[in-house]
Amino acid sequence: MRDRIICLVIACMAMVYSAQAQFTVRAEGGVLDARHWNFQEHNLALTGYWTHYPNELVTPRETRARKGQIHFLPELWNETTPTGKGQGYATYQLKVLLPDTIHQLAVEVPQLYSCYTLWANGLEIASAGVVSDKGETAVPQWIHQAGVISMDPADTLVLVLQIANFHHYKGGIKDPIMLGLSTNIRDHAFYAITASVIESAVLFTLALSFLILFMVRRQRVVLYFAFLCLSWGARAWFSNVYPVTAFFPSIPWAWVVRMEYLTLYSGIAWAALFLHALLEKLSHQLIPYIVVILNVSFAMFTLFTPALVYSRWVGLYLAVAACVLLYAAVLAIRALLFEQAGAWYMVGSIITGVAMFGYDIVAYNKGGVYDFIFLSIGYLLIFLLTTVVLLYHLNVFKSHGEKQVLTYEDFFKK
């Protein structure tokens with residue numbers, strides 16, 4: 001009963017947090033009225049209708065003499081262009097009306113597809129890669145960064161953003177640019193990257209611990225979980241806020257993207273093998289091997305084709321990942337019915353995983369703000385709950401009223 005309460009409370013907390021929506025003001029007609037926004041308490045997502053100059057790379061000075069269109073951001077080009085393609089270039093402009101008492105502002109710019117330059121009141125404050133109207137000269141780069149706005153006290157901020165993409169299937173902006181006090185923006189960007197680094201460090205530690213345990217016990221389930229932790233720990237460096245580019249800005253973009261995809265494929269493959277080994281009597285023999293074959297196929301396709309080609313099929317792959325999640329849910333239910341030790345921790349892990357996925361979808365569809373720190377904590381929680389499940393499976397933890405003490409002898413006995 002105690003296990004059930006702990007797991008359900010943790011999972012419900014994750015779901016409640018993931019369902020929270022942050023109210024924000026929205027730009028209309030290229031103008032965002034933030035004069036009543038409390039910048040002391042919250043950063044502001046620059047969502048809404050920006051002035052848009054399609055198929056043009058317009059400088060801040062040139063925008064004064066040009067009349068653009070109105071376009072909603074953030075939004076991917078694939079969803080707005082008649083051809084459904086994400087390749088091309090464009091310029092966006094937004095006027096932000098500010099309170100008279102607000103100074104020392106900054107922006108937090110997430111990864112955009114696939115290179116950009118951002119100006120504030122005519123001064124460049126952030127860039128990634130090299131923006132160009134030709135694929136041969138454009139250089140993609142994904143980096144999560146903060147840009148400080150150096151400006152005299154003013155009540156109007158004019159942002160001009162140039163974006164170009166010739167190397168990835170997706171183009172445009174998926175996540176909103178954030179505006180806030182420079183201290184708040186810098187702290188949030190730092191904490192987001194730090195959370196990913198900590199997530200990776202914990203997962204690498206788990207991987208090393210279970211690799212050592214495998215050398216003693218020689219059980220496949222232990223090895224599979226170690227490689228699962230290793231894959232997801234590596235993925236933390238190559239996704240979301242991309243810490244690898246923050247520490248190594250010169251790393252080739254092509255390898256960053258490939259690693260993001262390859263760590264996802266390997267993680268799902270190891271997860272399927274781990275679940276099968278953990279609940280072998282309740283699992284179908286063919287399912288994990290089908291999942292592995294599909295993931296190896298996607299991995300080989302990723303290794304031998306350019307990003308513009310393999311990134312197009314990530315939507316198809318998400319169906320494979322969804323099937324694995326469904327497979328895990330079915331196994332968890334069967335484990336409960338057969339009263340497997342630690343089954344409630346598995347249920348908590350799966351519910352938390354669904355909450356993370358739901359949070360991701362809701363934040364994206366509503367133009368909300370991703371809390372990368374929350375995502376890192378959520379992923380760690382999934383793995384820690386799964387670790388408990390594995391320890392029950394290995395009889396390190398006892399159930400049904402027996403002692404629940406972890407000892408050196410229990411941990412390393414064969």
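What share of the 414 residues in the protein chain is buried? Hello everyone, let's start there: buried residues make up 51% of the chain, where buried means under 20% relative accessible area with a 1.4 Å probe, protein chains only.

A quick word on the background. This is a predicted model, in which local features need pLDDT of at least 70 and side-chain atom pairs count only at pLDDT 80 or more, while totals for chains, interfaces and linings use all residues. Residues are numbered from 1 along each chain as its sequence is written, and side-chain values use heavy atoms, leaving out hydrogens and water.

Next, a sheet. Four strands form an open, antiparallel sheet in the order E2-E11-E6-E9, and strands pair if DSSP finds at least two bridges between them. Its edge strands are E2 (44–45) and E9 (145–148). Between E6 (residues 105–109) and E9 there are 4 bridges, and Val107 stands opposite Gly147.

Finally, the cores, meaning sets of buried Ala, Val, Leu, Ile, Met, Phe, Trp, Tyr and Cys residues joined through side-chain atoms within 4.5 Å. The largest nonpolar core has 63 residues, and Phe210, Val221 and Phe274 are among those with the most contacts inside it. Helix H5 (253–278) is one of its suppliers, and H5 gives the most, with 15 residues. Apart from this core lies another, of 36 residues, including Leu32 and Tyr116.

Key: Buried means under 20% relative accessible area, exposed over 50%, partly exposed in between (1.4 Å probe, protein chains only). Helices (H or I, at least four residues) and strands (E, at least two) are DSSP runs, numbered from the N terminus.
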